[in-house]
Amino acid sequence: MSRLPKEPLPRTIKEKILADFGLFLESLESSFEQQLFLEIFLSPQEKEILAKRLQIAILLLAGKDYRKIEKEINTSSNT
């Protein structure tokens with residue numbers, strides 16, 4: 001899996017990159033484009049990690065307990 005460099009980006013550059021990323025995601029109009037993006041840009045492991053994080057958010061919003069989520073999703077409390 002890719003790692004971030006030890007030296008962090010300057011805040012303004014990081015904000016610009018994240019804003020551009022958000023605009024790109026908004027531009028994906030069809031499910032085909034979305035699937036193509038995921039296949040091209042994310043490794044299988046990265047897709048699973050992202051899917052787990054999204055599922056955790058959904059379960060937290062639904063009022064589930066952290067410990068139950070850990071067991072259900074097979075993740076750590078840090079995630």
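Contact means that heavy atoms lie within 4.5 Å of each other. In this protein, residues 24 or more positions apart account for 16% of the contacts with a separation of 6 or more.

The model is predicted, so local features need pLDDT of at least 70, side-chain atom pairs count only at pLDDT 80 or more, and totals for chains, interfaces and linings use all residues. Residues are numbered from 1 along each chain as its sequence is written, and side-chain values use heavy atoms, with hydrogens and water left out.

**View 1**
Helices (H or I, at least four residues) and strands (E, at least two) are DSSP runs, numbered from the N terminus. Along the sequence the pattern reads α-α-α-α. The radius of gyration is 16 Å, well over the 12 Å that the globule rule gives for 79 residues, so the protein is more spread out than a compact globule. That radius is taken over C-alpha atoms, and the rule is 2.2 Å times the number of residues to the power 0.38. The C-alpha atoms fill a box of roughly 35 × 35 × 25 Å, taken along the principal axes.

**View 2. Confidence in helix 1 and helix 4**.
pLDDT is the predictor's confidence in each residue, from 0 to 100. The protein has a mean of 89, and 94% of its residues reach 70 or more. Confidence is highest in helix 1 (residues 11–27), at a mean of 94. It is lowest in helix 4 (residues 66–73), at 87.

**View 3. The surface and its charges**.
The protein exposes about 7,200 Å², and carbon and sulfur atoms supply 59% of that area. Areas come from the Shrake-Rupley method with a 1.4 Å probe. There are 12 positive and 12 negative side chains. Lys and Arg count as positive, Asp and Glu as negative; His and the chain ends are not counted. The centres of the two sets lie 9 Å apart. Each charge is placed at NZ of Lys, CZ of Arg, CG of Asp or CD of Glu.

**View 4. Asn 74 and Thr 75 in the segment after helix 4**.
Buried means under 20% relative accessible area, exposed over 50%, and partly exposed in between (1.4 Å probe, protein chains only). Buried residues make up 10% of the 79 residues. Thr 75 counts as buried, at 17% relative accessibility. Leaving aside neighbours within four places in sequence, Thr 75 is in contact with Ile 56, Ile 69 and Glu 70. Asn 74 is exposed, with a relative accessible area of 64%. Asn 74 has a positive phi of about 60°, although it is not a glycine.
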